[in-house]
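Hi everyone, and thanks for coming. Please have a look at the sequence and the 3D view as I bring them up, and we'll walk through a few parts together.

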Amino acid sequence: MRFKEKVVIVTGGAQGIGMAITRSFAREGAKVVIADIDQEAGKENELYMRENGGECIYVQVDVASEESVKNMVQEAVSHYGGVNILINNAGIGGNKSIYERSMEEWDRILGINLRGPFMCTKYCAPYIKKNGGGAVINIASTRALMSEPNTEPYSASKGGILALTHSLAVSLGPDKIRVNAISPGWIDVTGWKKQSKREQVQLTERDHLQHPVGRVGNPEDIAAACLFLCSEEAGFITGTNLVIDGGMTIKMIYEE
């Protein structure tokens, strides 16, 4: 119960990596705010967590909207009295050629993936400071460091997250707020979606063996890292980026 009575906001907390993060903090005694734009998924995760002894509320939010973010933070403060930890996990992607990608799509992806974490931190930080400090985790991606074709706005936003992380770490350090990033690699989230979209993809041996650790990642791998980086054991860690990818990005691959 490392986080007993701590208030934790997780954006994109209804499905995938966010679902694992919300449930992991709840098991550690935290009061969790499941912040997500998908109401069906948010309510479903809220019900599951409550039925399993977790203390949580669902708040609908569009992290690209300043008013929506302000409302999310006020809902958390009104319900639980403050904020101790923020996990900026909400994000979207999508592959499309630069020749076909509209600027509206570019703006939407950057708005959610980069503007969103800045705004959520901006409006949560005063309450984290008021509680004597805490932690912010930004979920980036190994796509901040390497790319597939046709992922420009996603890769740019995740690269921006790394710069935003070290900038916030320096700015918020005097307020005892530590800020770190996590860059997941290949994480299989197919079994961590809302019931209407849940499936179980059969990964191949080749999929697993692309990773030096011998397997594809799962959302709980990222949740475990969030728990560590927000804990007292990580009290001397800020401004860093933790790559969690089973070693995939350091493995040399030669095309045959």
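Let's start with helix α4, residues 103–130: its 28 residues should span 40 Å at 1.5 Å a residue, and its end C-alpha atoms are 39 Å apart, which agrees. The expected span of a helix here is 1.5 Å times one less than its number of residues. When I say helix or strand, I mean DSSP runs numbered from the N terminus: H or I with at least four residues for helices, E with at least two for strands.

Before going on, please keep in mind that this is a predicted model, where local features need pLDDT of at least 70, side-chain atom pairs count only at pLDDT 80 or more, and totals for chains, interfaces and linings use all residues. Residues are numbered from 1 along each chain as its sequence is written, and side-chain values use heavy atoms, with hydrogens and water left out.

Back to α4. Where is the kink in α4? At Arg-115, shortly before the proline Pro-117, there is a kink of about 40°; the bend at a residue is the angle between axes fitted to the seven residues ending there and the seven starting there. After α4 comes Gly-132, with a positive phi near 90°.

Now α5. This helix has 21 residues and reaches 29 Å from first C-alpha to last, close to the 30 Å expected at 1.5 Å a residue. Its buried residues include Pro-153, Ile-161, Leu-164 and Leu-172. Buried means under 20% relative accessible area, exposed means over 50%, and partly exposed is in between, using a 1.4 Å probe and protein chains only. The buried residues of α5 pack against α4, β5 (134–139), β6 and β7 (241–244).

**Inside the protein**

The largest nonpolar core has 36 residues, and Ile-9, Val-69 and Met-72 have the most contacts inside it. A nonpolar core is a set of buried Ala, Val, Leu, Ile, Met, Phe, Trp, Tyr and Cys residues joined through side-chain atoms within 4.5 Å. Among the elements that give two or more residues to this core are β1 (7–11), β2 (31–36), β3 (55–60) and α3 (66–80). Which element gives the largest share of this core? That is α4, with 7 residues.

Take Met-72 as an example. Leaving aside neighbours within four places in sequence, Met-72 is in contact (heavy atoms within 4.5 Å) with residues including Ile-9, Ala-35, Val-59 and Cys-120. There is also a second, separate core of 34 residues, which includes Phe-3, Ala-20, Ile-182 and Ile-222.

Let's stay with Phe-3 for a moment. A search of the whole structure finds 1 aromatic pair. The pair is Phe-3 with Phe-25, edge-to-face, at 5.0 Å centre to centre and 65° between the planes. Phe-3 lies in the segment before β1 and Phe-25 in helix α1 (residues 16–27), so the pair ties together parts that are 22 residues apart in sequence. Rings of Phe, Tyr and Trp (its six-membered ring) pair if their centres lie within 6.5 Å; planes under 30 degrees apart count as stacked, over 60 as edge-to-face and the rest as tilted. Both Phe-3 and Phe-25 are buried.

**Charged pairs**

Side chains of opposite charge can pair when their charged atoms come close. A salt bridge here is a side-chain nitrogen of Lys or Arg within 4 Å of a carboxyl oxygen of Asp or Glu, and the count comes to 13 salt bridges.

Look at Glu-46, which is buried at 9% relative accessible area. Lys-43 forms a salt bridge with Glu-46, their closest N and O atoms being 3.9 Å apart. Lys-43 and Glu-46 are 3 residues apart in helix α2 (residues 39–51), and therefore separated by about one helical turn. Arg-50 also meets Glu-46 in a salt bridge, 3.3 Å from N to O. Lys-43 is partly exposed at 44%, and Arg-50 is partly exposed at 45%.

Another salt bridge joins Arg-108 and Asp-62, at 3.4 Å from N to O. This pair links distant parts of the chain, 46 residues apart: Arg-108 is in helix α4, and Asp-62 is in the loop between β3 and α3.
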